[in-house]
Amino acid sequence: MVARSNQRATNRSERLARAAEVIGSDTKICPSKRITDLLEAVIEPGDRVAIEGDNQKQADFLAAALAKADPTRLHDLHMVQSVLARPDHLTVFERGVASRLDFAFAGPQSRKLAELVSTGSLKIGAIHTYLELYARMLVDLTPRVALVVADKADREGNLYTGPNTEDTPVIAEAAAFNGGIVVAQVNEIVERLPRVDIPGGWVNFVVQSPAPYAIEPLFTRDPAKIREDKILMAMMAIAAVYEPYEIRRLNHGIGYATAAIELILPTFAAARGLKGKVATNFVLNPHPTLIPAIEAGFVESVYCFGSEVGMERYVSERSDVFSVGADGHLRSNRALAQVAGQYACDLFVGATLQIDAQGNSSTATKDRIAGFGGAPNMGADARGRRHTSTAWLRAGRDAGDDNRGRKLVVQMVNTRQPDGTPSFVERLDAVDLAATAGFALPPVMIYGDDVTHVITEEGVANLLLCRSPSEREGALRAIAGDTDFGHAQSQDMTDDLRRRKIVMRPTDLGIDVREATRDLLSAKTIDDLVVSSGGLYAPPAKFRRHATAV
């Protein structure tokens with residue numbers, strides 16, 4: 001029997017020796033002006049490189065440094081990252097530094113990514129969910145070099161991530177314990193940290209960036225922009241799903257429809273006697289639009305994927321609701337929140353760009369490859385679940401299964417997208433994209449057999465009650481409105497589905513459309529959110545046009 005040598009450990013030592021030639025052998029601190037030199041020393045051609053690009057915080061200084069690398073020294077890199085958010089995330093492919101990509105979400109760079117795929121400038125391995133990508137980092141997509149980001153570091157390399165821990169632990173651990181190198185970008189190097197989130201033993205090098213890392217208020221929605229059609233959809237969601245299924249544990253996706261739900265909990269839901277009965281436990285970033293519901297006593301707990309710019313003081317002062325450490329700041333964790341969203345929640349509410357006749361949905365279209373993020377994790381029935389709840393059991397019974405429950409998965413979408421494009425289609429663009437991008441399967445975000453309800457401004461389709469593909473198709477066409485997809489439906493079938501409560505119009509739910517006005521919103525402006533927070537919420541600059549301090 002031939003014993004295996006420790007090749008990774010040997011190679012790691014060689015990389016560290018090259019790094020020592022750049023910054024010296026007695027320090028972990030790299031001068032900011034030498035960071036590209038350091039990356040060229042520790043990264044080798046063909047490496048898998050994970051760069052932290054979360055939904056919110058970005059290792060932007062490290063991304064820019066890697067994009068400046070000499071393609072004759074670094075090339076054919078395989079990038080493994082959660083989110084493509086910065087132009088530099090794609091510059092590495094345009095310059096030939098990287099050639100292959102495995103990712104989860106590319107919203108800000110979705111159009112550019114589609115262009116690069118079409119020209120053959122990069123090859124996509126797969127579009128993952130967050131949890132799926134993290135899992136593969138521990139199995140077969142293990143990074144040789146991880147580029148992470150934190151608020152502070154000390155000289156031993158210990159990291160303090162602050163309220164936005166997000167992806168840092170899983171990326172750092174995947175590399176550190178598999179012969180890899182971890183480089184951390186931080187805002188500040190200090191003598192003593194408020195708390196240690198990542199131990200220095202996992203971190204090889206630290207660089208203080210010239211400017212604080214980039215972070216976006218991705219989950220902030222201005223109540224002033226919530227239209228009455230979104231309020232109507234929110235009313236229907238509460239009346240058709242939250243109330244009858246007694247939803248307590250849930251996750252909201254990002255968007256104005258879910259923001260409207262959050263803002264009518266203290267008004268519409270309270271008037272229906274639902275306080276303490278629905279929407280009590282969230283797995284959710286600290287949405288500012290959740291503030292009125294928290295202050296009204298609707299919300300008991302919120303476990304966060306990450307933080308939200310401007311919400312730091314509010315979260316710290318609401319430690320009974322949020323996970324706040326002894327240091328007084330939020331502790332978030334995207335990987336654990338994904339697990340909680342899949343297994344501990346009874347309901348996921350999200351949105352999409354396209355839905356087909358069987359309820360399959362995707363955000364990958366002809367000219368955009370937006371990716372999926374966490375939606376497929378949150379929006380999937382967890383087959384490993386064994387604990388019960390009222391909502392889970394009823395959903396199972398409605399689906400005709402007395403042996404197990406079902407997770408509720410709701411898609412809220414207008415019949416047309418903002419540009420007028422129909423949301424309902426006979427065939428997903430993802431089918432054609434699979435052929436042009438070389439995917440083995442179409443990149444479907446949430447499969448139709450996981451979707452339980454679809455809500456548009458026209459009404460609600462309860463797909464749990466459908467017993468055949470033709471009924472599912474009919475229910476979706478019935479709420480597709482003035483579109484070709486909706487017109488391909490007989491009125492007789494729509495009427496039959498309404499009689500059986502598979503399709504519900506607002507009137508079927510006891511909702512007067514005339515009451516779907518902005519008067520229902522518990523906060524109508526950003527300023528109202530500041531007031532509701534007792535002055536603790538500090539809106540980012542781009543939202544401060546109408547906000548005033550309390």
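Colleague: Leaving aside neighbours within four places in sequence, which residues is serine 533 in contact with, and what makes that a contact?

Modeller: Serine 533 is in contact with Ile291, Tyr314 and Arg318 once those neighbours are set aside, where contact means heavy atoms within 4.5 Å. This is a predicted model, in which local features need pLDDT of at least 70 and side-chain atom pairs count only at pLDDT 80 or more, while totals for chains, interfaces and linings use all residues. Residues are numbered from 1 along each chain as its sequence is written, and side-chain values use heavy atoms, with hydrogens and water left out.

Colleague: Why does serine 533 count as buried?

Modeller: Its relative accessibility is 2%, and buried means under 20% relative accessible area (exposed is over 50%, partly exposed in between, with a 1.4 Å probe and protein chains only), so serine 533 counts as buried.

Colleague: Which backbone nitrogen does the side chain of serine 533 reach at 2.9 Å?

Modeller: That side chain reaches the backbone nitrogen of tyrosine 537 at 2.9 Å, and a polar atom of the side chain of serine 533 also lies 3.4 Å from the backbone nitrogen of glycine 535.

Colleague: Why is helix H16 called roughly perpendicular to helix H18?

Modeller: The axes of H16 (residues 469-478) and H18 (residues 491-499) come within 10 Å and cross at roughly 100°, and angles of 65 to 115 degrees count as roughly perpendicular (under 35 is roughly parallel, over 145 roughly antiparallel, the rest oblique), so H16 is roughly perpendicular to H18. Their contact is made by residues including Ser470 and Glu471 of H16 and Met493 of H18.

Definitions and conventions: Axes fitted to C-alpha atoms, helices over the stretch in contact; angles between N-to-C directions. Helix = DSSP H or I, 4+ residues; strand = E, 2+ residues; numbered from the N terminus. Polar contact = N/O pair within 3.5 Å; in protein donor to acceptor, adjacent residues only side chain to side chain.
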